Amino acid sequence: MAELLELTEGVLVHAEPGEEVEAYAVHRTMTTVQAGTGGIVRHVGRAETRGVGVRLLTNSRMGYASTADLSRAGLSATVVRARDNAAAADPDEAVALAAPEPVTEKARLWDDALAQTSLETKIGLATDLATRVTTIDSRVRSIDTAEYYDEQLVTAVASSHGIRSEDRHGYAELSTDATGEGKAGNVSDYGYWFGRDPTLIDVAKLAEEAVFRTVRLLGDAVERPVNGAVVLDRAVVGALLAAIGRACSGGALASGRSAFAGLHESVVAASEVDLVDDGLCPAAPEATLVDDEGVPRRCTPLIREGQLVGALHTTTTARAIGGNARTTGSARRMTHKSAPRAAPTALMLSPTGTLSELLAAAGDVTYLQQLSGSHSGISSITGRVDVGAMGFRLHAGEPAGRLPTTPVSTSLKAFLASIIMVADDLHAVPGSPVVAPTVLVDAGYLGSRGLNRDSLNR
Amino acid sequence: MNEFSVDGEDLGAVLGKALRAGGHWAEVFVERRATETLRLAGGGVAQIRSDLDLGAGVRVVTAGRAGYAYTNVVTRRSLTEAAEAAAAASGATSSAQVGHSIDLRQRPVSPAQHAKCLPAHVTAAAKIELLRRVDAAARSALAHDVTATHVDVTQSMLVATTDLGIARDQRVRTRLTCQVTARRDGRMQTGFDGPGIGGGMELYDGEAPEAIGVRATERALRALDGIEPPSGGLPVVLGPSGGGLLLHEACGHGLEADAINRGSSIYAHTIGERVGSELVTAVDDPSVAGGFGSYGIDDEGAKAVRTVLLDRGVQTAALSDRSNPVAGTTLSSANGRRSSYAHPPLARMSNTYIVPGFSSAGDLLDSIDRGVYVVRLRGGDVDVTSGEFAFTAAEAFLIDGGEIGPPLLSLSLLGNGPDALASIEAVADDLSFTQALCGKEDQWVPVSYGSPTLLIAGLTVTGAGSG
C-alpha cells in the first residue's frame, strides 16, 4: 500500500505554483472463473492493473488526465495533459478538491482469507455450483454460466490540500443462472452470493436459490388475484432504488436533472419509509473506508419517515448546491480514468417487519420477480417507470402459477408512496449499489395501466 | 510495432512460453488507446478528460478451456508472466505439450475505420468550440439545460496468434451526444441526439453541429406536449432507429454463438428454420467503411466479413468467435470482440441491420387506422432464454386514421423476439443507422444498428389511455 501512496505523492511534485493537484492511484487484482452446464470450466482469468488519474485545478478551472504508464515520465506527461485540459475549461467556482478529514468509522471490508484462497478452490466453487444446479429439479437441466469473481483493490489519494489516504478492500461473488423448461417456453433466473471470505460460501444453498427462483416462474398460466397488493422481489426493488439513488446524487440535483430536484424536506414516500446510503456497509461490493477523493465514508440518510432529508455529495457537488451542503463521502470513480462523481454505495430501506410477516400480510397476491426494460425504462430524471414485469401468483406464501408479463407504467414517487411493508431479507443486488429487501406495495404503485389491465402480448 | 514497445521476437517468445506450458494455441492481444472526453453542461465546460491506456491480454487455450491474463505493463517480461498465469489458468500442464509450431507472419489488413482528420490533431479548445455551437443552438426558453459531449477514441491493436500469425488494425471513432431537458408547467422531458462515425473529426463536416442541438431540443419540446399513450395490443410502426434496436436486442443477442452453444438462447435450435416474416433479411457487417461498429479484423485477428443472419425470415447463421465457431466448422464469422485488453473476446454484433424493402414509410403509416408510431427507442432489455423483451420509446406518436397524431408520453413496448419478427407486415425502403455502445458481460463495444421503417402487427404498449 505504501508504494501506491508514494506514487501519488510523486505526482504532486509536478504541480506548478498556483495549481492544486490531486492524484488517485489504483492497484486492482481480479480473478474470474466461468463454468457451464455439467461443471465444464470454460474460462479462467487473472488480471492485475495499475493506473493513476490526475485532477488539476488552476484559477477555478479543472482538467483531468489518466494513464497506465506509471514511469516518472509517464506521470509527468499526465500532469501536463491535465494542465492543458484545465486551460481549455471554463472557470467554475464550485470545483474544488477535498479537505482532509480523520477516518473514525470502522468496517470490516477486508479479509485475509480472500488473498489466501487458491485458484483451485475458486475453480472448484464455480464447477461445484454449475454441477449442483442441474441436480435439484428435473425442469432445470442447463445453465448458461456459473461464475466466480473476486477483486482485491488498493487505492491511494494524495492532494496538495493535504489529503493522504489509502484504502484496501476486497470481495468475492459467486453466481449462476438456471434455465427452467416449461410448457410455455424457457425462463431463467439467478442465484447470487457476495462476501469477503470465499470459504464461507454455501454452494448447495446458492444452487437451490437459483433453482427456486427459476421454477416458480414456470407452471400453468393463472388469473391475477383480486387482492390489490403486490409483492416486489428484491431484484425489482433493487432496480427502482438504484434509480432513486441516481436521483439523490448531488450532480443530478445541482443540475436539476433529478426527479427529486426542488423537493428537499418534502414528503416523497409513505411515512414508514426510511432510506439511507451506507458507504461502509460490509454487504456492498463498493463499500470502502474512504471515498474516491479521500474523504471518510459514512451512512447518509436520504429519506426519513417519508420525507426527503438528504443527498449524496462530493466536495464539488456540495459547493454547487450551496447552503449547508457538505460532502457526504460519496465520491465514486469507475476506474482511475474518470474524475469522481457523487454516487450511492449501498442504498438500504429500513425493514418494518420480517419476510414471513410480509408474506402473511400479503395473502393472495401478485409477486413480481423480474423487470424487463429497466435500464432505459426507469428514468431518474423524469421519474417515469415504463417497464414489463414477470412474476407469479403467490397464495398462502407459496407460488401458485405463472402470470403473464405485466406492463408497469408508473413513477418512482408512486413506488415510494405505495410502500406498505419492508421485509428484513436484505441482499446485495448484483451490479447495483443496492442492498435490497422484499417489499409489499399497494397496487396503486403499478398505476392505472398496471394490474387492472390484461397483458395483451400473448 | 514500436508503439506497443514489444516486437515480433518478444511476441514469439511469449507465445512460445504459453505453448511450452501445454497450451493448444495461444494469443497475445496488444492495444494502445487514447480517449478524449469533453463535456459542456449548463453552458460551461463540465469536463475535459484525457486517457492513455496501453496493455496486453494473453489467452491460452487447452481442450475447451481458456485461461486469460492481462497486464498494463507491456514488456516481454510482464507478458511472459501473463502467459504463465494464463497457461496455469487454462489447466495446461507441461506434460500435455502438443508441440505446435508458431506462425508469426504478418497478415495484411485493410482498416474499416479511417480518420480523414485525426482527433489528436484538433485541440481541446477547438473541440469545445464545436460543443458551444451545439449548446447555443439547443437552447430555448423552455430548454436551457443542455449537456453536449464529444468523445473520440483512437485505438491501435495487434493480435498475434500461434497459428494465424500477426495482424494489426487501427480504429478511430468519434461521437457527439446532446441531451436536453425541457421544463414547462411542472412537467419535465428530455430529448437526445447522438450521431457517431467510425472516423475522425469529419463527423462535423457531414452535418453542422447546430443541427444536432436543434434536433435534441425539438424532441424534448415535442415530448412536453405528449399525451398519455394508449394501452394494449396495437399495430406499431417503428422508425429506422427503433427497428434497428429491436433487431439488435430482440434477435441479435440471441444469435450470438456463445448463447446458442450453451443452449440458453431461444434461437439455439432454429438454424435453418423460419423465425421471422419472409420480408425480413438481417445482416451483420463489420466491414462497412466508416461504420461505428466496424473493424478490419476482429479482436481475434479474423478478417471482417458480412454475415447474413436471417434470409427472408429463415435463420441462416450465428455470430461466432473462435471459441464458439460456426456450426460444423472451426471457423469464426469474425465477431470476436472485446472492450479492451482487460477482457477475453466474446461473440458480439458489429453493424447489424435489416435489408430495406420496397414500400415507402408513408405507405406503412397510411395502412394503420389506429396504432403507435415509434420514431426512436431509448433502449431495452431482452431475456435471450425466453425471448421476452421490453423497450422504452424515446419518441412516439399516435397514429389515427393513417395520419401521425399527437406525440405520446413515455411508453414501453413489450413482446417476444420471434413473435415480433414474425409479425412484421411491411418493410420500407428508408434504411438508416444509429450508433451506440452495447453491453454484454460488463464489456462495452461500439456498434451500430439499422433498419428501414417497419410495420409490426401487434406489440403490447404500456399506456393509461384506452386502447
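Visitor: What should I know before we start?

Guide: This is a predicted model, where local features need pLDDT of at least 70, side-chain atom pairs count only at pLDDT 80 or more, and totals for chains, interfaces and linings use all residues. Residues are numbered from 1 along each chain as its sequence is written, with chains lettered from A and ligands numbered from 1 in the order in which they are written.

Visitor: What makes the radius of gyration of chain B agree with a compact globule?

Guide: The radius is taken over C-alpha atoms, and the globule rule is 2.2 Å times the number of residues to the power 0.38. For 467 residues that rule gives a value near 23 Å, and chain B has 24 Å, so the two agree. The C-alpha trace spans about 75 × 55 × 35 Å along its principal axes.

Visitor: How many helices and strands does chain B have?

Guide: Chain B has 9 helices and 23 strands. Helices (H or I, at least four residues) and strands (E, at least two) are DSSP runs, numbered from the N terminus.

Visitor: Why is Asp298(B) called buried?

Guide: A residue is buried if 20 or more other C-beta atoms lie within 10 Å of its own, exposed if 12 or fewer, and partly exposed in between, with C-beta atoms placed from the backbone. Asp298(B) has 27 of them within 10 Å, so it counts as buried. Asp298(B) sits in the loop between S10 and S11 of chain B. Across chain B, 61% of the 467 residues count as buried.

Visitor: Which residues does Asp298(B) contact, leaving aside neighbours within four places in sequence?

Guide: Contact asks that the C-beta atoms of two residues, placed from the backbone, lie within 7 Å. On that test Asp298(B) is in contact with Pro286(B), Ala304(B), Ala334(B), Asn335(B), Gly336(B) and Arg337(B).

Visitor: What makes S12 and S21 of chain B edge strands?

Guide: They belong to an open sheet of 6 strands with mixed pairing, in the order S12-S11-S10-S15-S22-S21. Two strands pair if DSSP finds at least two bridges between them. S12 (314-315) and S21 (432-440) each have a single partner strand, so one side of each is left without a neighbour in the sheet. S11 (residues 307-311) and S12(B) pair in the antiparallel sense over 2 bridges, and Asp311(B) stands opposite Val314(B).

Visitor: How are H3(B) and H5(B) packed?

Guide: Helix H5 (residues 209-224) and H3(B) pack at an angle of about 40 degrees, with axes 7 Å apart. Axes are lines fitted to C-alpha atoms, for helices over the stretch in contact, and angles run from 0 to 180 degrees between N-to-C directions. H3(B) also meets chain A: its axis and that of H2(A), residues 72-88, come within 9 Å and cross at roughly 40 degrees. Asp84(A), Asn85(A) and Ala88(A) meet Ala124(B), Ala125(B) and Ile128(B) there.
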